[in-house]
Amino acid sequence: MSSNPLPVNLSRLGGCTLTGAISVTSHVRDAVTIVHGPKGCSHHNVSLLHASWLDNDHAVLPVLVSTGLSETEVIFGGEEALRRAIAHAAGRDTRAIFVLSTCIVGTIGDDIEAVCSEEYGLPVIPVPTAGFLGGTFQDGMNNALIALAECAGPCRNTGGINIIGEMNLEYEVEENFAEVARLLSLAGLSVNLRFVHDIAYRQLYGIGAAQLNILRSPALIPVGEYLRDRFGTPFIPSFPHGLSDTLSFIGSAAEACGIDGKQAVGEERSRQAELVDGFKDLRHLHASFDPSLSGADEIRAAEELAHALDLSPGTDGHTLLLPVGPAVGTAGIRRMLHRWRRALHA
Amino acid sequence: MKQIALYGKGGIGKSTTSANLSAALSGMNLSIMQIGCDPKRDSTRMLMQGRFIPTVMDLVRVRGEAGVSLSDVVFTGYNGIRCVEAGGPEPGVGCAGRGIIATFQLLEKFGALQGDVIVYDVLGDVVCGGFAMPMREGYAQEIYLVTSGELMSLYAANNICRAVQRLASRVKSKCRLAGVICNARGQPREEELITEFARRVNSTMVQYIPRDHIVQQAEVNQQTVIEFSPDSAQAGYYRSLAERVMENTWMTIPTPLEIDELESLAREFI
């Protein structure tokens, strides 16, 4: 009831639950995502997805349908509008429909699950994403991943590895995936399913076939636990960050799949040594990191790399703040080193 | 123009009191408008010969806002009283509070809010911001609580005092508590109890309306008591209420009671 316009909490890290869920569901190529809410909730997200997909040379428009709620539906209830949108989407060439909620339909109490459970001739999957309930972008992702995982049936373990919860909006999403796939291939392991990145709906059925799940980040542990409880698949909680973490990642993945990973780890260790050697010109320069923009894992990885390079933190005014990226694997370290070189020689 | 709103627990007799008050006011040669702010839409029935008039929200739902005009939503009933029902969604869906807000915006757009007195008859509990709309700036400045001596009814009245107190603290708000109307159910010492309750919340009991079977008789004949039996004693109470409302200038910021205070008050008068 306060009319004070000054925001007390300036944090922008939580994000929108709906956007998090859309970043997942829009990557099922042959499904439609319905956003049950006012038009703006989908428009904003279509723009965001379109822009970030273009950055990754993926020049298609996300298939997002809005129920276009107006004040009339808010007053009289929006379930009929949702029913119409689902029926309309079901008439198109689509394999499944995901229904995402918004703040306003959460407020007026539309029973989305009940509407979704009616008969439309194809799977209609509700994902709760009303952001005002306190959820974050990450919660939206997790809710969507779990809702999609529920589509899968029991299946035979045919091996391979699932990549869980890639950050589809990040600039380096393809590079990061390629690096993890490369690290796994060193130990002779291959990817079963990118859950969820540019896949067909029927591929979801095969999620239980993998022998190991690799989560993009520890924030996805609830999803990892869900899949472990349902299919018995163990998980590694994060993509690797930093030199030693990358080596132990290869070791853990191999071990989880019952493979001896020593040789693969050895190969990667020499590759890393060679890489660091190529950046000798950075030695003994003074530098440190800005902790405010990075997570603890990233800072730890950057410090380890600085140590390997003999960079000294420096206490005088000549210390340079180095960029710390969420560098994945050895390839991520290489990119970070190039950025450091640019910063230090600038 | 005087704008008053009647609030109170569901089923306490707000609509009956409002309709009779409007009817009595119209007898004082005043131009009256009554607006029912409840999805149940039965506030103005007794002024309309028992007719459920189309509601603003019904019309908006069917025709869209652009297809609705002033003459579609205002109906002239007993003694020239202009009647409006806000209406709202079916029970259990949507957002009735938003419906009230939309109705007010539309009436404002039409310039419908005019006359000597506007009586707002509002849903029992102020469950959300929408039902506080009639108390906001530009609408009712005088709030009357309708209550009996029953504890639940006093609870509701006390809660409405909280809403008025909160709104009154806003800089531009002119909304004040104008008094308590005792719509008696006939329990012993009821008038004393309501007088004391009104005093404790920093107000006054403006009218005691005894329980009388004639109210039900008028209702089955689809009329207000004023119309059905103008010479009855009950009609006299409603006319007296109308006079006090017109004379009343004592507007206060209420001081709602704590729950245990309210309960011990009710115990005193058992």
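Colleague: At roughly what angle do the axes of α1(A) and α7(A) cross, and within what distance do they come?

Modeller: An axis here is a line fitted to C-alpha atoms, for helices over the stretch in contact, and angles run from 0 to 180 degrees between N-to-C directions; the helices themselves are DSSP runs (H or I, at least four residues), numbered from the N terminus. In this predicted model, local features need pLDDT of at least 70 and side-chain atom pairs count only at pLDDT 80 or more, while totals for chains, interfaces and linings use all residues. Residues are numbered from 1 along each chain as its sequence is written, and chains are lettered from A in the order in which they are written. With that in hand, the axes of α1(A) and α7(A) cross at roughly 40° and come within 6 Å.

Colleague: Which word describes how α1(A) and α7(A) lie to each other?

Modeller: Angles under 35 degrees count as roughly parallel, over 145 as roughly antiparallel, 65 to 115 as roughly perpendicular and the rest as oblique; α1(A) and α7(A) are therefore oblique to each other. Their contact, where two residues count if their C-beta atoms, placed from the backbone, lie within 7 Å, includes L18(A) and V24(A) of α1(A) and F137(A) and L148(A) of α7(A).

Colleague: How do the residues of the contact of α1(A) with α7(A) divide by class?

Modeller: Ala, Val, Leu, Ile, Met, Phe, Trp, Tyr, Cys and Pro count as nonpolar, Asp, Glu, Lys and Arg as charged, and the others, Gly among them, as polar. On that scheme, the contact of α1(A) with α7(A) has 8 nonpolar, 8 polar and 1 charged residues.

Colleague: Into which domains is chain A divided?

Modeller: Domain bounds come from an automatic or database domain assignment, and for chain A they give domain 1 (17–149), domain 2 (161–239) and domain 3 (272–345). The centres of domain 1 and domain 2 of chain A, taken over C-alpha atoms, are separated by 23 Å, and their contact takes 19 residues from domain 1 and 22 residues from domain 2. On the domain 1 side, the largest share, 7 residues, comes from α7(A).

Colleague: At what angle do helices α2 and α4 of chain B pack?

Modeller: Helix α2 (residues 56–63) and helix α4 (residues 96–110) of chain B pack at about 85°, with their axes 10 Å apart, and are therefore roughly perpendicular to each other. V56(B), M57(B) and V60(B) of α2(B) make this contact with G99(B), A102(B), T103(B) and L106(B) of α4(B).

Note on methods:
Helix = DSSP H or I, 4+ residues; strand = E, 2+ residues; numbered from the N terminus.
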